[in-house]
Amino acid sequence: MSGKVRFEDIAKLIVFNKSEVIDWFCSEAEFRYFIEKLIGAGLIRRVRRDMYAIIDSVSGKIYADSFMIASKISAGAYMIMHSALAYHYFDLAEKHSPVTVADDKKFRSFIFDGIKYSYIKSPICGFVDKIDNGAISVTSKERTIIDCIACMNRLGGVQRLFGILCTLPFLDEKQLTDCLTEYSRKGLYKKAGYLFWYFQKRLNLSDAFFDFCKEHMNKSVIEYLTIEYRPKSVLQKEWALMAPSYVDLLDGIK
């Protein structure tokens, strides 16, 4: 091992990339020698090329979970869509599914400890939370919900989304409007307005939020909220939307 860098220094990082520590060494060769010694001693594991995780000496398993690994793929990486749902809303059905990660640059999917980490192109920029001193990078709760509405059929359908909305105590109204503005999709304004309307009091959303959605939606075009509920959809005139009733939505999550 290097005489300048100690394992204790590296261990504080839990999971790390070469780019984070290479400056600690005099040369690339010294870094490689140090890393291979740690791997041979059973102190770290290689997650993928130039990415490593610290091993718990008691359990023999790495300290980092899939959320931490996803957040450390690069400096710009963050969890999105399925994985953001799993993180924010304790969705156990998604906990061990492929981890979906957005990044500044596309990366090749990889598998570590039986879990696949896949790149997904982010539909909008921003609204990313840094949690636990930056150990976790994930889309905010508000953006995660808006992403779900925008990609409803790809993210488990309206029943799953409605079930999550039924449990939420609060969402930041300004961030919801900012996310919708970033998407700038007329159909999304009406879908968001219709779904949030059922939870206006619960989420403490003002009338101004719904006025905002109506101002930006296309009133002259009737759209379907979701294809899966097409046979049960009825016209919601206020939102120019063919959508299931509140009762049918509730029945879908029972």
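View 1. The model shown is predicted: local features need pLDDT of at least 70, side-chain atom pairs count only at pLDDT 80 or more, and totals for chains, interfaces and linings use all residues. Residues are numbered from 1 along each chain as its sequence is written, and side-chain values use heavy atoms, with hydrogens and water left out. Strands here are DSSP runs of E with at least two residues, helices are runs of H or I with at least four, and both are numbered from the N terminus. Strand β2 covers residues 44-48 and strand β3 covers residues 51-54; the two pair in the antiparallel sense over four bridges. Two strands count as paired if DSSP finds at least two bridges between them. Arg48 stands opposite Met51 in β3. Two residues lie between the strands of this hairpin, where Asp50 takes a positive phi near 65 degrees.

**View 2. Three strands form an open sheet in the order β1-β3-β2, with antiparallel pairing.** Strands β1 (15-17) and β2 stand at the edges with a single partner strand each, so one side of each is left without a neighbour in the sheet. From one strand to the next, the twist averages 30 degrees; the axes are lines fitted to C-alpha atoms, for helices over the stretch in contact, and angles run from 0 to 180 degrees between N-to-C directions. Strands of a sheet pair through backbone hydrogen bonds, either parallel or antiparallel.

View 3. Phe127 is in the loop between β7 (115-119) and β8 (128-131), and Asp132 lies in the loop between β8 and β9 (136-139). With a relative accessible area of 22%, Phe127 is partly exposed, whereas Asp132 counts as exposed at 56%. Buried means under 20% relative accessible area, exposed over 50%, and partly exposed in between, with a 1.4 Å probe and protein chains only.

**View 4. Helix α5 (residues 82-89) is largely enclosed by the rest of the structure, because six of its eight residues are buried.** The buried residues are Ser83, Ala84, Leu85, Ala86, His88 and Tyr89.

**View 5. One cavity of 30 Å³ or more is present in the structure.** The volume of the largest cavity is about 40 Å³. On a 1 Å grid over the protein atoms alone, a cavity is a set of points where a 1.4 Å probe fits but cannot get out, and lining residues have an atom within 4 Å of a point. Grid points are joined across faces, edges and corners, and the volume is the space filled by probe spheres set on the points. Leu85, Cys148, Met152, Leu155, Gly157, Arg160, Leu161 and Ile164 line the largest cavity. Helix α8 (residues 157-165) contributes the largest share of this lining, four residues. By class, the lining divides into six nonpolar residues, one polar and one charged. Ala, Val, Leu, Ile, Met, Phe, Trp, Tyr, Cys and Pro count as nonpolar, Asp, Glu, Lys and Arg as charged, and the others, Gly among them, as polar.

**View 6. The structure holds zero disulfides.** A disulfide is a pair of cysteine sulfur atoms within 2.5 Å. The cysteine sulfur closest to that of Cys125 is in Cys179, 12 Å away and too far for a bond. Cys125 counts as exposed at 60% relative accessibility, whereas Cys179 counts as buried at 0%.

How values were computed. 1 Å grid on protein atoms, 1.4 Å probe; cavity = no way out; pocket = protein on both sides within 12 Å on 5 of 7 lines; lining within 4 Å.
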